[in-house]
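Here is a friendly tour of one protein chain and its ligand. Have the viewer open and follow along.

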Amino acid sequence: MMASEPQASTPAMLPDPAVSALRAVHRAAAELRRGTPVLLRSGEHSLVMAAAETVGARGLAEITGLAKSPPVLLLAPTRAAAVAPVPALRPVLGAEEAAVALRLPQALLDPATLRSLADPTLDRLLPEGARTERVPAPPLAAAALALAKLGRLLPAVIAAPQAPPRDGLPRPDLLAVEAADVLAYPASAATSLRRVAEAAVPLEATADARIIAFRAADGGIEHLAILIGQPEVVAAEGRAPLVRLHSECFTGDLLGSLRCDCGPQLRGAIARMATDPDGGVLLYLAQEGRGIGLVNKLRAYTLQDAGLDTLDANRALGWGADERNFLVAATMLDQLGIHRIRLLTNNPDKLAGLAACGVTIAGREAHEFAPNGVNDGYLATKAARFGHLLALQDEP
Ligand SMILES: Nc1nc2c(ncn2[C@@H]2O[C@H](COP(=O)(O)OP(=O)(O)OP(=O)(O)O)[C@@H](O)[C@H]2O)c(=O)[nH]1
Ligand SMILES: [Zn+2]
């Protein structure tokens with residue numbers, strides 16, 4: 001059967017300023033990945049910042065040269081608690097905030113030390129007797145960490161308020177980005193997703209399969225919908241097709257890693273849809289590692305090998321337990337004309353997250369595979385701490 005015509009990419013449907021804002025944030029995140037400082041702005045405030053994980057000596061010198069006061073290290077509170085524990089009986093500065101600021105002695109302001117303060121898998125590199133002091137976080141600290149996370153970098157940033165421009169000196173050649181645009185980015189990028197390509201891709205489990213690629217206006221990585229049969233027609237006829245939200249897992253999907261259950265879940269979902277008379281849609285979402293990215297997932301694995309579970313490992317890195325954005329999946333379903341679904345999942349957050357984005361959940365089908373001897377603890381944590389509805393798991 002001929003696939004229907006792919007629709008043209010239509011980011012122009014967003015107003016120009018919204019597209020420009022998305023692209024500015026995407027470029028700023030790319031600068032941080034390269035170790036280049038950027039300027040974060042909001043009204044009268046501007047913060048010169050770089051990611052602790054990537055900044056080099058030149059970037060640090062650039063920040064110091066533009067700073068009004070000595071740069072501070074901004075960390076997620078969970079990571080700050082490990083780096084600079086708050087002594088008992090002392091008021092906790094910034095404990096309720098999204099970012100904690102640490103002042104470092106000048107001798108510790110070097111790229112290797114910043115990396116080891118940012119990354120709990122490098123703790124061994126901390127210099128003997130290193131001392132850090134908690135100080136009030138500067139304005140825009142939360143947006144600074146959010147920008148690092150958008151770059152899939154550790155939420156650890158070296159930053160300082162920018163000094164007022166001095167007469168006669170050239171303005172710094174730094175990319176500037178609005179803090180509000182950074183905070184709005186996940187939702188704006190998700191709602192800007194548009195279909196860009198479509199092809200029939202016969203699969204082992206069924207020849208009747210198509211892939212539709214969706215791209216956001218920022219030019220970032222694409223998300224994919226794998227359609228088995230004609231689920232759009234099923235939806236148009238008033239029935240609720242099977243849908244699976246599958247977050248990309250390089251290790252499990254491609255390599256058959258035993259640490260998780262992603263490989264069996266991916267192939268199992270396609271096999272299940274192939275046997276359903278109404279087919280189904282598998283959304284293959286570029287949200288590796290529950291949204292923290294492959295590099296951070298590998299770090300989380302290192303921490304898990306040292307005794308943390310999958311949830312605490314994310315938090316020790318400064319990330320949330322699950323950083324996925326359900327608006328991505330909801331927008332894709334909307335563009336496919338599918339608004340009522342039967343969801344293949346054990347994860348109650350996926351049901352609630354999609355419902356909050358306007359998708360009607362007509363039913364849930366369990367999607368559980370037996371532990372393999374390696375992922376037993378991982379699955380037990382999903383049941384005990386994420387509330388997953390797993391029948392094959394004994395309560396620990
Ligand atoms: N951060 C982190 N991510 C992991 C870990 N193990 C697997 N993942 C990621 O978790 C995601 C898998 O989640 P999903 O298959 O969508 O499933 P789920 O949230 O467990 O819910 P179900 O729908 O019930 O399967 C993939 O992106 C994996 O890369 C881990 O230890 N740490
Ligand atoms: Zn996996």
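## Helix α6 and its partner α13

Are α6 and α13 roughly parallel or roughly perpendicular to each other? Helix α6 (residues 179–191) and helix α13 (residues 326–335) pack at an angle of about 15 degrees, their axes being 8 Å apart; α6 and α13 are therefore roughly parallel to each other. Angles under 35 degrees count as roughly parallel, over 145 as roughly antiparallel, 65 to 115 as roughly perpendicular and the rest as oblique. Axes are lines fitted to C-alpha atoms, for helices over the stretch in contact, and angles run from 0 to 180 degrees between N-to-C directions.

Ala 187, Ala 190 and Thr 191 from α6 make the contact with Leu 327, Val 328 and Thr 331 from α13. Two residues are in contact if their C-beta atoms, placed from the backbone, lie within 7 Å. By class, this contact of α6 with α13 has four nonpolar, two polar and no charged residues. Ala, Val, Leu, Ile, Met, Phe, Trp, Tyr, Cys and Pro count as nonpolar, Asp, Glu, Lys and Arg as charged, and the others, Gly among them, as polar.

## Reading the model

This is a predicted model, in which local features need pLDDT of at least 70 and side-chain atom pairs count only at pLDDT 80 or more, while totals for chains, interfaces and linings use all residues. Residues are numbered from 1 along each chain as its sequence is written, and chains are lettered from A and ligands numbered from 1 in the order in which they are written.

The chain has 15 helices and 14 strands. Helices (H or I, at least four residues) and strands (E, at least two) are DSSP runs, numbered from the N terminus. Of the 396 residues of the chain, 41% count as buried. A residue is buried if 20 or more other C-beta atoms lie within 10 Å of its own, exposed if 12 or fewer, and partly exposed in between, with C-beta atoms placed from the backbone.

On the α1 side are Ala 18, Ala 21, Leu 22, Ala 24 and Val 25, and they meet Asp 181, Val 182, Tyr 185, Ser 188 and Ala 189 in α6.

Helix α5 (residues 141–150) packs with α6 at an angle of about 45 degrees, with axes 9 Å apart; α5 and α6 are therefore oblique to each other. Their crossing is left-handed. Here Ala 143, Ala 146, Leu 147 and Leu 150 of α5 meet Ala 179, Val 182, Leu 183 and Tyr 185 of α6, a contact with eight nonpolar, no polar and no charged residues.

## Buried and exposed

Look next at Val 48, in strand β2 (residues 45–51). Val 48 is buried, with 26 other C-beta atoms within 10 Å. Beyond its neighbours within four places in sequence, the contacts of Val 48 include Pro 37, Ile 63 and Leu 174.

Asp 305 lies in helix α11 and is exposed, with 11 other C-beta atoms within 10 Å.

## Around ligand 1

Of the 24 residues around ligand 1, Ser 247, Cys 249, Thr 345, Asn 346 and Asn 347 come nearest (a residue is near if its C-beta atom, placed from the backbone, lies within 6 Å of the molecule). The shell around ligand 1 has six nonpolar, 12 polar and six charged residues.

Key: Left-handed = near helix turned anticlockwise from the far one by under 90°.
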